[in-house]
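Please consult the sequence and the structure shown here alongside the text.

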2 protein chains.
Amino acid sequence: MDDEHLGLRELKKRQTRDSISAAALKLTEEKGLSEVTIEEIAREAFVSPRTISNYFASKEEAVLAAGPVATEQVLQDFSTSNSDDPPLEVLGRLMSNYARDYPECLRKAARMVELEEANPSLRPFRLAREVELVIDLGRRVAQRTGTDFAADVYPSLVASAASAALLTSLSLWAQAGFPEGRLQPLIEESFSLASAGYRRRAASPISVQLESSATPQSPDAQPV
Amino acid sequence: MDDEHLGLRELKKRQTRDSISAAALKLTEEKGLSEVTIEEIAREAFVSPRTISNYFASKEEAVLAAGPVATEQVLQDFSTSNSDDPPLEVLGRLMSNYARDYPECLRKAARMVELEEANPSLRPFRLAREVELVIDLGRRVAQRTGTDFAADVYPSLVASAASAALLTSLSLWAQAGFPEGRLQPLIEESFSLASAGYRRRAASPISVQLESSATPQSPDAQPV
DNA sequence: TCATGTTATTGCTGATACTGCAAAGATCAG
DNA sequence: CTGATCTTTGCAGTATCAGCAATAACATGA
């Protein structure tokens with residue numbers, strides 16, 4: 001029911017959708033989203049302005065649609081893996097492996113973080129997408145642990161913690177200038193911190209300290 | 001610098017701001033935000049449409065400005081209190097006390113959650129506000145624990161966990177129909193779950209189980 | 001009290017965004 | 001090939017929003 005019999009119609013739909021979001025992303029990187037009009041995106045994507053409204057409710061959603069979609073893979077893996085470890089640890093391992101195996105995808109995600117800092121109007125919409133993912137993940141945690149998603153805080157809390165761990169890691173990593181090989185330890189640190197009830201291990205005041213030159217003064221940072 | 005010498009000007013500014021957001025809230029509850037125009041809000045608040053644009057960037061922000069602002073109190077209390085306990089536990093106590101002492105404020109917050117479910121366009125903007133709070137809280141955690149907000153995942157993770165604990169509790173509580181006296185235990189459960197690294201205590205599969213009749217079938221829940 | 005500077009409010013205007021509707025074009029199934 | 005279905009498009013109407021200048025309200029100091 002997913003990629004089964006995709007006729008020409010479905011193919012063209014995805015194609016125009018991708019064209020639009022790619023055009024939106026390109027123009028946004030060039031001029032800033034506030035300077036980009038629907039009409040421009042339409043020209044760039046070879047569609048009519050009206051068509052853009054058919055696909056996206058706003059410029060912001062069009063830009064965000066160009067972001068990474070690989071999260072679904074991790075969600076799948078989480079649901080199918082059957083370990084007896086606590087969900088957070090499983091998620092931590094999955095994310096860590098993901099950072100190791102598909103660095104370009106994480107890099108793309110971090111690039112979106114930067115794009116968001118340059119274009120604040122993106123933030124609300126990115127967050128809305130994020131919440132959808134957290135809800136999805138929460139349901140999976142509930143199913144996996146046999147808890148009730150609607151009556152128990154547990155699944156949602158775990159999902160939120162995992163999301164925060166990943167996003168905080170990405171944000172710090174992007175801020176430090178994407179240092180090679182540093183993301184994975186950051187992710188592991190974040191997840192183990194959550195699993196430890198946010199109590200620092202005495203031995204590691206700042207265990208995965210980045211180069212201090214990368215973030216000399218820290219006027220305003222953008223986590224989450 | 002806060003409530004010091006508020007001249008007539010500042011007073012009137014706050015007054016018109018409140019008028020606008022109150023009008024926006026009232027009309028939204030009556031007809032749904034999508035059916036409300038800026039012009040209507042302007043009439044209701046006895047200001048010109050142009051003035052609304054001066055105060056808020058969108059209808060959504062106007063509505064959200066009518067929400068509870070008491071979070072600042074908790075942030076203040078967190079910064080001023082000087083306990084040696086882990087920040088999450090301090091925050092948990094503060095929120096629990098808050099739920100006990102100012103139930104009407106929490107109820108208002110939960111009402112906003114419901115309003116958001118009825119008017120999905122509110123969500124992105126509420127989330128954006130939420131993130132601002134989390135960043136603020138993260139900075140305070142950093143200051144309190146002597147960690148570096150910009151170089152260390154710890155402060156942001158703690159702040160995110162606290163935010164998730166509160167919001168998840170509110171969401172569940174609202175979904176269950178605001179049962180009297182149930183919010184505080186939910187909050188305590190959520191915070192202690194986070195402090196315990198999201199590991200259930202063996203004795204409590206669902207320790208703060210709500211009346212099962214309150215949530216018979218759970219088609220789509222809205223945490224976070 | 002008055003005079004003057006400062007700031008908020010307002011109307012106007014132009015640019016942009018979004019939606020419903022109906023026509024035109026593309027794809028599909030037989 | 002033909003009719004059905006769906007996508008794309010143009011058009012028209014409504015709504016949003018920001019810049020600008022004028023007006024009104026408040027503040028400050030004498």
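**DNA strand C**

The model is predicted. In it, DNA strand C is surrounded by 21 residues, and the closest are A:L8, A:K12, A:R50, B:R9 and B:T51.

The side chain of A:K12 places an N or O atom 2.7 Å from a phosphate oxygen, whereas a polar side-chain atom of A:R50 lies 2.7 Å from a base oxygen. The elements that give two or more residues to the surface near DNA strand C are α1 (8-31) and α3 (49-55) of chain A and α1 (8-31) and α3 (49-55) of chain B. The most is given by α3(B), with four residues. By class, this surface has six nonpolar, eight polar and seven charged residues.

**DNA strand D**

Around DNA strand D there are 20 residues, of which A:R9, A:T51, B:L8, B:K12 and B:R50 come nearest. Sugar or phosphate supplies 62% of the atoms of DNA strand D within 4 Å of the protein, and bases supply the rest.

| Protein group | Group of DNA strand D | Distance |
|---|---|---|
| A:T51, polar side-chain atom | phosphate oxygen | 2.3 Å |
| B:R9, side-chain N or O atom | base oxygen | 2.7 Å |
| B:I38, backbone N or O atom | phosphate oxygen | 3.3 Å |

At least two residues of the surface near DNA strand D come from each of α1 and α3 of chain A and α1 of chain B. Here α3(A) gives the most, with four residues. The residues of this surface divide into six nonpolar, seven polar and seven charged.

Helix α9 (residues 153-175) of chain A packs with helix α10 (residues 183-195) of chain B at an angle of about 45°, and their axes are 10 Å apart. Because of this angle, α9(A) is oblique to α10(B). Their crossing is right-handed. From α9(A), residues A:V153, A:Y154 and A:L157 meet B:L186, B:E189, B:S190 and B:L193 of α10(B). The residues of this contact comprise five nonpolar, one polar and one charged.

Definitions and conventions
Residues are numbered from 1 along each chain as its sequence is written. Chains are lettered from A and ligands numbered from 1 in the order in which they are written. This is a predicted model: local features need pLDDT of at least 70, side-chain atom pairs count only at pLDDT 80 or more; totals for chains, interfaces and linings use all residues. Side-chain values use heavy atoms; hydrogens and water are left out. A residue is near a molecule or strand if one of its heavy atoms lies within 4 Å of it. A polar contact is a pair of N or O atoms within 3.5 Å; within protein, one must be able to donate a hydrogen and the other to accept it, and residues adjacent in sequence count only if both atoms are side-chain atoms. Ala, Val, Leu, Ile, Met, Phe, Trp, Tyr, Cys and Pro count as nonpolar, Asp, Glu, Lys and Arg as charged, and the others, Gly among them, as polar. Axes are lines fitted to C-alpha atoms, for helices over the stretch in contact, and angles run from 0 to 180 degrees between N-to-C directions. Angles under 35 degrees count as roughly parallel, over 145 as roughly antiparallel, 65 to 115 as roughly perpendicular and the rest as oblique. A crossing is left-handed if the near helix is turned anticlockwise from the far one by less than a right angle, and right-handed if clockwise. Contact means heavy atoms within 4.5 Å.
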